[in-house]
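Please read the following report alongside the sequence and the model.

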Amino acid sequence: LAISGRHSWALTTLASIYDGWNKPEKASAVYAELEARSLREYIQPGMLTAAARAAGQIEKAIAFAQQALETRDPLFVMIARCWPQYEKLRTDARFLDVVRQLNLPNWSADART
């Protein structure tokens, strides 16, 4: 984190790691940092989606995914269908509806590929 300057991608990954280790309070703390920073600097909604999900903030995660769609976050287009940090969101019909609206080639909500 220090080398990256606490870059949002590194922080999002850290929140996901904490979630995987079943440390929700730590995932929430990392997400809170990202959310606070997003008020004063640009944090890609695609990253906020994963961090919010890791912190158990599913409604916010879906809202950030929708924002990523609406603002055409290029990162979201690249990671929506296969990034491991989104795996738990891929069981949520609302998230799948957002991804469906990207019109990604060869993508199916049923196949999740």
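## Salt bridges

Glu33 has a relative accessibility of 23% and therefore counts as partly exposed, where buried means under 20% relative accessible area, exposed means over 50% and partly exposed lies in between, with a 1.4 Å probe and protein chains only. The model is a predicted one, in which local features need pLDDT of at least 70 and side-chain atom pairs count only at pLDDT 80 or more, whereas totals for chains, interfaces and linings use all residues. Residues are numbered from 1 along each chain as its sequence is written, and side-chain values use heavy atoms, with hydrogens and water left out.

Glu33 is joined to Arg37 by a salt bridge whose closest N and O atoms are 3.8 Å apart, a salt bridge being a side-chain nitrogen of Lys or Arg within 4 Å of a carboxyl oxygen of Asp or Glu. Both residues, Arg37 and Glu33, belong to helix α2 and are 4 residues apart, about one turn of the helix. An α-helix has 3.6 residues a turn, so residues three or four places apart point the same way. Arg37, with a relative accessible area of 11%, is buried. The structure holds 10 salt bridges; another of them links the side chains of Glu87 and Arg90 at 2.9 Å from N to O, with Glu87 partly exposed at 44% relative accessibility and Arg90 buried at 3% relative accessible area.

Through salt bridges that share partners, Arg6, Glu33, Arg37 and Glu41 are joined into one network.

## Overall fold

The protein has 6 helices and 0 strands, where helices (H or I, at least four residues) and strands (E, at least two) are DSSP runs numbered from the N terminus. A compact globule of 113 residues would have a radius of gyration near 13 Å, and the protein's value of 13 Å agrees with this; the radius is taken over C-alpha atoms, and the globule rule is 2.2 Å times the number of residues to the power 0.38. The C-alpha trace spans about 40 × 30 × 25 Å along its principal axes.

Of the 113 residues, 45% count as buried. Among contacts with a separation of 6 or more, 53% are made by residues 24 or more positions apart, contact meaning heavy atoms within 4.5 Å.

## The core and helix α3

The largest nonpolar core has 36 residues, and those with the most contacts inside it are Phe76, Tyr86, Phe95, Val99 and Leu102. A nonpolar core is here a set of buried Ala, Val, Leu, Ile, Met, Phe, Trp, Tyr and Cys residues joined through side-chain atoms within 4.5 Å. Two or more residues of this core come from each of α1 (8-20), α2 (24-38), α3 (45-54), α4, α5 and α6 (93-100).

In α3, 10 of the 10 residues are buried, so this helix is largely enclosed by the rest of the structure. The cover over its buried residues includes α1, α2, α4, α5 and α6. Just after α3, Gly56 takes a positive phi of about 80°.

## A buried aspartate

Asp73 lies in the loop between α4 (58-70) and α5 (74-79). Asp73 is buried yet has no salt bridge, and the nearest side chain of opposite charge, Arg72, is 11 Å away; Lys and Arg count as positive and Asp and Glu as negative, while His and the chain ends are not counted. Beyond its neighbours within four places in sequence, Asp73 is in contact with Gln44, Pro45, Gly46 and Ala68.

## Aromatic rings

The structure holds 5 aromatic pairs, in which rings of Phe, Tyr and Trp (its six-membered ring) have centres within 6.5 Å, with planes under 30 degrees apart counted as stacked, over 60 as edge-to-face and the rest as tilted. Tyr18 and Trp21 form an edge-to-face pair, 6.2 Å centre to centre with 65° between the planes; Tyr18 counts as buried at 17% relative accessibility, whereas Trp21 counts as exposed at 57%.

Tyr86 and Phe95 also pair edge-to-face, at 5.4 Å centre to centre and 75° between the planes. Tyr86 is buried, with a relative accessible area of 0%, and Phe95 counts as buried at 1%. Phe76, Trp83, Tyr86 and Phe95 form one aromatic cluster.
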